[in-house]
2 protein chains.
Amino acid sequence: MHFSSKVTQMLNIKLPIIQAGMAGSTTPELVASVSNSGGLGTIGAGYFNSEKLDSEITYIQELTDLPFAVNLFVPSEQLYIPENVEHMNAWLKPYRKALNLEEPVIDISEEQQFNESVDMVIEKGVPVVSFTFGIPNQNIIKKLKARQITVIGTATSVEEAKANESAGMDAIIAQGSEAGGHRGSFTVTSGDHTPLIGTMSLVPQIVDNVSIPVIAAGGIMDGRGVVASMVLGAEAVQMGTAFLTSEESGASALYKNAIQQSKETDTVITKVFTGKPARGIDNEFIHKMEGYDDDIPDYPIQNQLTKNIRKTAADLGNEQWTHLWSGQSPRLSQPSSASELIADIIQETKRILNE
Amino acid sequence: MHFSSKVTQMLNIKLPIIQAGMAGSTTPELVASVSNSGGLGTIGAGYFNSEKLDSEITYIQELTDLPFAVNLFVPSEQLYIPENVEHMNAWLKPYRKALNLEEPVIDISEEQQFNESVDMVIEKGVPVVSFTFGIPNQNIIKKLKARQITVIGTATSVEEAKANESAGMDAIIAQGSEAGGHRGSFTVTSGDHTPLIGTMSLVPQIVDNVSIPVIAAGGIMDGRGVVASMVLGAEAVQMGTAFLTSEESGASALYKNAIQQSKETDTVITKVFTGKPARGIDNEFIHKMEGYDDDIPDYPIQNQLTKNIRKTAADLGNEQWTHLWSGQSPRLSQPSSASELIADIIQETKRILNE
């Protein structure tokens, strides 16, 4: 085994390590640090408008000449049910009152924001775009590929991986159930659940069913996880939680600390924060909102309804009222810098391969 | 990397491959075939009385001189709530009527049966016992260890692994969420859930927190899974579903076929068949009984209430009314013999290690 793979060649990087586009927690410093260390940094641009994306890309291009990626959330059909939003606002009232916050105005310009971000990626010459929550339309895929931009999709099942391949994606992130943050799922299984397949099962089954390279994600925190993923047939890994607690990450001290104090059994999958299922550390907000699960407005509506509450609670040091995305391996998290984390992975990989 | 490990030395076997004790589906031929191929076969004796266990052990000892194991279900406190049993019998009435079955008489002699099985293992000189659903009392552990019998516990979280180590277990099976059949859990996380940690996350976190050897389980089906598990720090693997579809397995053709036709997204965790959470292929019985989830009698009561229905339905070729335990990697299942499966793993491991 060696570091060079189909993915490192495709992306023109040295190491098969991709930092996940953790919307809300990436910084230009983190992205550049990962890329300068030989991996691929990713701007988590899921919540950005194109101006914000423009300034982040510009800043990163000052910090590195090496490739990096932008991660975008593919808009999905959403139901705006005024009654549900009204109910949700009533349920959220005590939180807003306690934090002295106004009811937000809902803005559903997701599609436009997405299209503008795609254009911005092209304009700024970003070499890689990864997608979460589905597959963009063919116009967008063709437009990106025509500029030699590498497009990477996300799949949580074999069916989703095949759909990505058919749509022309250059590679697929296979997101196992261990992964923290949003599930990338865009299909449902029986009983209306989103797929929750462990990385050990998901990676080889996707590898066997597509021809494009597979990038393993979910529970990978160190050299052991990287080598194990490559053994399962992945051509690279994507790591989120491992980079979230790093020095350069934009996560707050409260958030990083919560992960470092957590056990592997502390996370749950919940839609209460954003309207899309995501894995985070269980807390009071999740418990209180669990009863309303069926009435939760779709993403991005719920995200906008709870955003200020989460932000303000976190600023006040209240970890019970904010999202604390984490994968299932918080015991393996480290407070070191992204470059130290990558150096540790290289060293551990060499040790494993020499055994 | 090589095949010799702390577990192969401890168990006096050649390959770090353990066939899981799949209660209801192991046969003497399967157990002996795995052991004769260099792994460790296991009698799934969870539902056996000591007479049945006696005859199985005797038969296996005729087929092999090599070590094999017995897997036992540790009795747990159970609530017999007559009202719940009455309700369940009412819900099950249409199934019994359709299949022409009587209401069964409930027998709660679990503890006695377990103690007699432990004595039988000692009497017959079986070298290894593994436990599911908890940790037996110190008298039993000490009695087994005094006869140089190796004792192996099952853990689905770091906490459960530490409890097994403290109790004196010689090794621990780390059962990831991908695993088919019963969850070995004996603790609950917040929200009264049993732990569901993916193998990629569970194995390294347990390895880092105990000193005894760890055996990885969950989603492991071939050489890729075996090597990946060893890279994560496991000293051996335990495979269930992979052996369930093998020629020597006691699973019916209906059952084997259901697994081979399944996708990775087809399984769910359910208590409706036995009263304990287990992973199996979703079907009509699970859907229909889902609504009664809170009222389901504890194991072994629910197991006894549904046993005849499942058995008779399966005999009649009805896969909708029987349990179809499977892990999350059914696409990787093979109809070959257990010895061919093991030969394939050896070959694939060599290929991976030479790359």
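1. Tyr292(B) has a relative accessible area of 28% and is therefore partly exposed, in what should be read throughout as a predicted model. Trp91(B), at 22% relative accessibility, likewise counts as partly exposed.

2. Over all chains, the structure holds 20 aromatic pairs. In one of them, the ring centres of Trp91(B) and Tyr292(B) are 3.7 Å apart and the planes stand at 10 degrees, so the pair is stacked. Because Trp91(B) belongs to helix 4 (residues 82–99) of chain B, while Tyr292(B) sits in the loop between helix 12 (284–289) and helix 13 (301–315) of chain B, the pair ties together parts that are 201 residues apart in sequence. In chain A, ring pairs link Tyr95(A), Phe273(A), Phe285(A), Trp321(A) and Trp325(A) into a cluster.

3. Turning to the interface, 41 residues of chain B are in contact with 41 residues of chain A, and the two chains bury about 3300 Å² between them, with 57% of that area on carbon and sulfur atoms. On the side of chain B, the residues that lose the most area to chain A are Met200(B), Gln205(B) and Arg224(B), which together make up 20% of what that side buries.

4. Two salt bridges are counted between chain B and chain A; one of them joins Asp208(B) to Arg224(A), with the closest N and O atoms 2.9 Å apart. Across this interface, 16 residue pairs are in polar contact. The elements of chain B that give two or more residues to the side touching chain A are helix 7 (158–166), helix 8 (199–207) and helix 9 (223–231), and by class that side has 16 nonpolar, 17 polar and eight charged residues.

Conventions. Residues numbered from 1 in each chain as written. Chains lettered and ligands numbered in written order. Predicted model: local features only at pLDDT ≥ 70, side-chain atom pairs only at ≥ 80, totals over all residues. Heavy atoms only, no water. Contact = heavy atoms within 4.5 Å. Buried area = accessible area lost by both parts, 1.4 Å probe. Salt bridge = Lys/Arg side-chain N within 4 Å of Asp/Glu carboxyl O. Polar contact = N/O pair within 3.5 Å; in protein donor to acceptor, adjacent residues only side chain to side chain. Helix = DSSP H or I, 4+ residues; strand = E, 2+ residues; numbered from the N terminus. Nonpolar A, V, L, I, M, F, W, Y, C, P; charged D, E, K, R; others polar. Phe/Tyr/Trp six-rings, centres within 6.5 Å; stacked < 30°, edge-to-face > 60°. Buried < 20%, exposed > 50% of the residue type's maximum accessible area, 1.4 Å probe, protein only.
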